[in-house]
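I opened this entry to get my bearings in a structure that was new to me. My notes follow in the order in which I looked things up.

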Amino acid sequence: MKLIKIRALDLDLAMTLDSGQVFHWQKVGNGFVGAIGDRAVYVEQHANVLKVRDGEAPSLPQARAKARALPRIVAHYFALDHPLAEICASFPNDPAMNAARLFCCGLRIIRQPKWECLATFICSSMKQVAHIRQISLALRRRFGDRRKVGDHVVYTFPPAQRLARATENDLRECALGYRAKNLRATARLVSSGECDLESWSALSDPDLREKLCSLPGVGAKIANCVMLFAYERLRAFPIDVWIERVLKQQYFPRKKITEPRLREFSETYFGEHGGYAQQYLFHHARIASRNSGVSRDSSTPKAFGVRMTKGRIRDEREQEHE
DNA sequence: CTCCAGGGATGAT
DNA sequence: ATCATCCATGGA
């Protein structure tokens with residue numbers, strides 16, 4: 001089993017794959033297996049080197065050609081060209097951000113295929129990471145293409161056309177619940193050509209956001225995820241409950257802040273790589289709370305050093321008014 | 001404005 | 001072993 005080496009500075013592969021951007025990579029031995037587009041890939045990290053291989057090709061010349069392309073594809077997917085030191089240096093200098101920056105060394109924003117990212121985040125609404133992984137796997141197993149890398153089976157993410165042909169019930173059987181209707185409707189818009197995800201790359205941030213939000217099942221949060229993870233809009237700042245909690249506790253303690261004001265703050269304060277800042281704050285908060293052994297509805301993560309019960313938060317909200 | 005939809009993991013009891 | 005809670009969008 002021959003592995004190709006790729007130099008990868010400032011990358012933490014395991015953290016990157018576990019930071020809530022992608023949901024299909026599976027840990028195998030010292031590395032991970034997953035799909036990058038249509039290609040089944042195994043990847044493991046040794047310090048500043050990635051060792052990779054992809055699935056078999058039918059003939060030897062083809063296999064050689066594919067192997068030559070693989071390093072470029074992997075480097076592009078993991079965004080090894082992002083200037084991570086510069087990006088981190090552009091973050092604001094404050095305690096929460098500094099803690100997150102320190103904690104998340106080597107965390108990169110992956111470049112995901114647009115349809116795969118959009119569809120996956122439509123499925124993510126009102127779900128937690130563990131569950132999104134199950135949905136992604138169910139969709140891939142049922143509608144994707146089976147590939148092998150070594151002894152491991154990997155399924156590619158099904159194209160929009162294939163999900164558009166599925167019935168709502170087919171999708172529900174993948175544990176999508178009420179998201180089945182939205183995913184199917186969006187798949188039809190994309191596969192019919194009425195919505196051309198590739199051509200949207202040319203749009204400004206606000207125009208792109210508007211287009212994405214026009215799709216069934218896509219609101220502001222999911223639109224921002226897709227902008228950040230699939231359109232390289234590194235300013236896009238998705239606000240989920242984790243980030244909302246962090247922003248309020250770290251930047252507006254004991255103050256009521258309206259939702260539009262919080263959004264405005266998130267879009268200006270964190271600068272040109274706000275999406276990266278968001279990812280760092282998000283991942284730090286998630287892991288810190290996971291390790292604290294304290295449920296997050298009874299206290300904030302230990303790393304932030306603030307204790308605040310849900311009851312107290314409610315009290316504060318009731319006390320203050322604009 | 002509120003309420004609800006679907007559901008597996010997770011943590012509390 | 002039960003039980004409550006997590007989650008974001010869209011429609012009633």
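This is a predicted model: local features need pLDDT of at least 70, side-chain atom pairs count only at pLDDT 80 or more; totals for chains, interfaces and linings use all residues.

Residues are numbered from 1 along each chain as its sequence is written, while chains are lettered from A and ligands numbered from 1 in the order in which they are written.

**The DNA side**

Which helix gives the most to the surface near DNA strand C? I found that helix α11, residues 220-230, does, with three residues. Near means that a residue's C-beta atom, placed from the backbone, lies within 6 Å of the strand. I listed 14 residues around DNA strand C. The closest are Ser125, Met126, Gly219, Lys221 and Asp240. I then sorted this surface by class and got six nonpolar, four polar and four charged residues. Here Ala, Val, Leu, Ile, Met, Phe, Trp, Tyr, Cys and Pro count as nonpolar, Asp, Glu, Lys and Arg as charged, and the others, Gly among them, as polar.

**Chain A as a whole**

I counted 15 helices and seven strands in chain A. Of its 322 residues, 38% are buried. A residue is buried if 20 or more other C-beta atoms lie within 10 Å of its own, exposed if 12 or fewer, and partly exposed in between, with C-beta atoms placed from the backbone. I checked confidence next: mean pLDDT is 89, and 89% of the residues in chain A reach 70 or more. pLDDT is the predictor's confidence in each residue, from 0 to 100. Over residues 294-322 it stays under 50.

**Helix α2**

I looked along α2, residues 60-77. Its 18 residues reach 25 Å from first C-alpha to last, close to the expected 26 Å. That expected span is 1.5 Å times one less than the number of residues. After α2 comes Ala79, with a positive phi near 55 degrees.

Is Lys27 buried or exposed? I found Lys27 in strand β2, residues 26-28. Lys27 counts as exposed because it has 11 C-beta neighbours inside 10 Å. Its C-alpha is 35 Å from that of Cys195, 168 residues apart along the chain.

I found Ser192 in the loop between α9 and α10. Ser192 has 12 C-beta neighbours inside 10 Å, so it counts as exposed. Ser192 and Ala164 are 28 residues apart in sequence and 9.0 Å apart in space, C-alpha to C-alpha.

Note on methods. Helices (H or I, at least four residues) and strands (E, at least two) are DSSP runs, numbered from the N terminus. Two residues are in contact if their C-beta atoms, placed from the backbone, lie within 7 Å.
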